[in-house]
Amino acid sequence: TRSGLFGSARAGMVATSEARQRVAQARDLFERGESANRENFRLAEDLLKEAQVLAPTDGEVWAAQAQLSADLRLYSFDRTKARGEAMRLQAERAVKLAPDSFEAQLSYAIYLRAFPGTPQMEEGLRKLQELAARGADRNRVWRELGIALGWSGRYQEALEAFDRANAVRGGDPDALTIKAWMLCSRFGRFEDAERALADAIAIRPTGRAL
């Protein structure tokens, strides 16, 4: 019946809204939290699993899950083959469900850039450059571009990308922390690295920066 269809649509909208709330909570834990530790990442994944049950065809949910899987690998919380395969499936699902979504496209580019020294990574780098041109007001796309540039040996460009990430409103302590590591390991610029870390801590005292 017509009322049944409206009721079903309304229920779907409510479920999607609740799923998006869980996505926002998860991102607060694994992207904007002061302490990037296993427990926070585990809580974030629990929230995203709840979101997947509520809205299994919402590409934004799968994009967030793919980005969390990427961070779990990047920060060595879970570098298993299973996690890498899960990241691939999650990113591909996000793009299939929401091909026009910026976050879905970003999650797929992050997946591609996770393979240094391969054609896949070069494709991921190109996609990140395109996304940075489209989403210049998003910290994460510049941070991910900086990582990809660094893995390609383009260190000066990487430093510039990290600065662009931090220039977005609110700053980006994670980008500054990675920048500090690169300044030390690739340039030996320890005083500049200390300044980058001090700036990161002034924005938000994340565990990584401390």
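So, is the crossing of H9 and H10 left-handed or right-handed? It's left-handed. One thing to keep in mind before I go on: this is a predicted model.

Let's stay with that pair for a bit. H9 covers residues 173-187 and H10 covers residues 190-203. The angle between them is about 165°, and their axes sit 8 Å apart. With an angle over 145 counting as roughly antiparallel, H9 and H10 are therefore roughly antiparallel to each other.

Who's touching whom? On the H9 side you've got Pro 173, Leu 176, Thr 177, Lys 179, Ala 180, Leu 183 and Cys 184. Facing them from H10 are Phe 190, Asp 192, Ala 193, Ala 196, Leu 197, Asp 199, Ala 200 and Ile 203. Sort that contact by class and you get 11 nonpolar, 1 polar and 3 charged residues.

Now the other pair, H3 and H5. H3 is residues 59-74, H5 is residues 102-112, and they pack at about 30° with the axes 8 Å apart. The cut-off for roughly parallel is under 35 degrees, so H3 and H5 come out as roughly parallel to each other. The crossing of H3 and H5 is left-handed.

For the contacts, H3 brings Glu 60, Ala 63, Ala 66, Gln 67 and Ala 70, and H5 answers with Glu 103, Ala 104, Leu 106, Ser 107 and Ile 110. That contact splits into 6 nonpolar, 2 polar and 2 charged residues.

That's what I had on the helix pairs.

Terms used: Residues are numbered from 1 along each chain as its sequence is written. This is a predicted model: local features need pLDDT of at least 70, side-chain atom pairs count only at pLDDT 80 or more; totals for chains, interfaces and linings use all residues. Side-chain values use heavy atoms; hydrogens and water are left out. Axes are lines fitted to C-alpha atoms, for helices over the stretch in contact, and angles run from 0 to 180 degrees between N-to-C directions. Helices (H or I, at least four residues) and strands (E, at least two) are DSSP runs, numbered from the N terminus. Angles under 35 degrees count as roughly parallel, over 145 as roughly antiparallel, 65 to 115 as roughly perpendicular and the rest as oblique. A crossing is left-handed if the near helix is turned anticlockwise from the far one by less than a right angle, and right-handed if clockwise. Contact means heavy atoms within 4.5 Å. Ala, Val, Leu, Ile, Met, Phe, Trp, Tyr, Cys and Pro count as nonpolar, Asp, Glu, Lys and Arg as charged, and the others, Gly among them, as polar.
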